[in-house]
Amino acid sequence: MVQTNRWRAFGAEALSSRPSATGLFNSSRAVGLALFAAAALCPLFLSEFKVGLIGLGLTYGLFAVGLDLAWGRTGIISIGQAVFFGLGTYGVAIALVHHGSSLLGGAVGIGLAAVLGTFTAAVGLRRVTNPSTMAVLTLAITLLAEKIARDWWSVTGGSSGLYVPPLTSTYSYYYICFAASIGLVGMIWLAVLNRPLGNRLTAIRLNDRRAEHLGIPIFRERLVAFALSAVVSAIAGCLSAPWMSSVSPDRVGIVLSTQVLVWVAVGGKATLLGPFVGAVAATYGQDVLASAMGDSYLLLLGVLFILSVLLVPNGIAGLFLSGPQLADTTPAAKAPAGPRGEHGGDALAAEKIVKRFAGNTAVDGADLRVKASEIVCLIGPNGAGKTTLLNILSGAIDCDTGSVMLRGERIDSSPPHRRVAAGLARTFQIPSLFPGLTVAEHLILARQEAGMVVPLPDAYARLEHENAGRRVEMLSLSDRRSLEIAMALCSRPVVLLLDEPAAGLARHEADALAQTLRTLRDQVGCAIVCVEHDMEIVRNLADRVVCLHHGKVISEGTMAEVAANPDVRRAYLGLA
């Protein structure tokens with residue numbers, strides 16, 4: 001798509017930020033254009049004071065867009081977003097107090113916000129941390145920043161803050177903020193939301209585990225999103241400083257950090273205009289209510305917020321959303337049918353794998369070798385370590401000792417997304433998909449990460465053709481499992497790991513699945529490692545069977561050979 005067409009699309013899709021929608025006019029486009037026109041024309045009809053309120057609301061809206069990049073788009077909860085906003089406001093205010101360049105002061109504030117945002121994300125978003133770490137970390141940072149702003153009198157002015165000279169022309173500066181907001185949001189839409197990065201952020205927010213096993217480097221993309229969020233918030237702070245008579249410690253404090261969360265929630269997460277709607281409505285409405293009701297307006301604001309969350313859970317902008325949630329980033333490159341290439345050794349080899357949980361040994365020195373294009377079924381009683389071994393192979397968890405080799409290359413220290421790139425794909429016992437996305441959007445993501453379009457086997461191509469526009473919640477269990485396999489096949493895997501693919505299926509569906517998987521192996525040429533409890537499926541599917549018990553391999557061979565093994569009969573079949 002050429003640049004001019006992208007700018008036209010941006011204007012049409014501003015409300016929902018979704019790359020396309022049906023029809024020439026729809027509710028999202030109409031509302032977006034109406035709000036754009038109202039913001040552009042309001043200085044012609046409103047007093048200077050009210051224009052100033054809306055101008056401040058616009059800069060607050062840009063601040064909310066920054067938070068939305070982290071929270072609404074990526075699912076990162078930031079309770080201290082005001083720190084980055086405050087760095088921008090203080091940068092401009094300090095420069096003005098010392099008769100320096102406000103542009104230079106703002107640039108320093110933005111630079112500090114970028115560094116702090118990157119550092120915060122690097123610490124709080126590591127794989128070893130839990131989802132609440134970022135919330136606690138950002139809360140601690142904003143409390144610390146407010147304390148520094150109050151105590152560092154010589155630079156920040158302490159509790160009294162820094163005086164900001166009044167604007168020479170409210171109307172002129174309003175249009176500067178209006179143009180800057182439109183330009184920055186347009187850049188975000190063109191460079192982030194309408195690009196593969198935007199799709200990845202949506203995938204991470206909806207299902208980070210599936211995103212990682214699709215080949216998305218979730219730590220890197222989260223770090224980029226949060227750093228960008230900090231920069232946008234700091235730019236908003238720079239623009240907002242001239243609207244304020246003084247810049248005080250509350251500009252970096254917990255109250256403003258909480259307010260911006262409310263603006264995004266009320267306006268609508270994961271939308272472009274939602275944060276502006278929430279921020280402008282709150283800023284303008286707060287002044288109107290305060291004038292009419294005095295201090296009691298705070299009670300009414302609280303009631304209105306609760307009602308909006310209960311009645312409009314997706315925010316005001318969510319009432320008008322339409323169109324797909326992802327940009328169509330399907331690559332133009334076509335991949336040839338068949339496997340990635342020949343390799344003389346094993347497709348997959350795991351040796352002496354050991355994994356312990358709190359002193360309990362789940363996998364105890366297990367070995368597994370899989371030849372190219374071979375189908376191996378892992379069987380064993382519950383608790384035998386089958387899924388744990390599969391998780392170790394795919395990188396979902398790390399082994400304590402042992403090695404994993406894929407086509408002769410060691411991968412046991414590689415994160416899941418690198419294993420996908422190397423040729424290892426997997427599915428889960430409960431289909432792991434992206435709620436709210438259509439079948440077509442799932443395959444857009446898979447092909448985007450693969451960097452090419454791989455011809456799918458007939459059964460999966462038919463699923464795509466017949467259900468492209470259906471959301472995954474509307475699919476049957478059998479079709480959801482098939483979609484997950486289709487996504488895995490988009491990366492042209494050398495080895496496909498399946499965790500109980502027949503679980504929950506009716507007998508005829510399970511039998512059909514076994515036949516489909518054998519046909520898939522013949523057409524695609526990948527090896528398959530399948531954890532399965534249904535012995536009839538194992539009998540119809542496996543070239544070789546490996547039986548685990550207490551984390552150890554106790555038998556392997558054909559189904560008949562394993563079933564005849566006395567150890568298997570005692571451990572698995574319960575026979576003497």
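Guide: A salt bridge here is a side-chain nitrogen of Lys or Arg within 4 Å of a carboxyl oxygen of Asp or Glu. Keep in mind that this is a predicted model, where local features need pLDDT of at least 70, side-chain atom pairs count only at pLDDT 80 or more, and totals for chains, interfaces and linings use all residues. Residues are numbered from 1 along each chain as its sequence is written, and side-chain values use heavy atoms, with hydrogens and water left out.

Visitor: Is Glu-146 buried or exposed?
Guide: Buried means under 20% relative accessible area, exposed over 50%, and partly exposed in between (1.4 Å probe, protein chains only). Arg-150 has 33%, so that one is partly exposed. Glu-146 has 15% relative accessibility, so this residue counts as buried.

Visitor: What about Arg-73 and Asp-68: what is the N to O distance in their salt bridge?
Guide: Arg-73 is buried at 9% relative accessibility, and Asp-68 is buried too, at 2%. Their side chains meet with an N to O distance of 3.5 Å.

Visitor: How many salt bridges does a search of the whole structure find?
Guide: Some link up: Arg-200, Arg-220, Glu-221 and Glu-449 are in one network. For the whole structure, the search gives 25.
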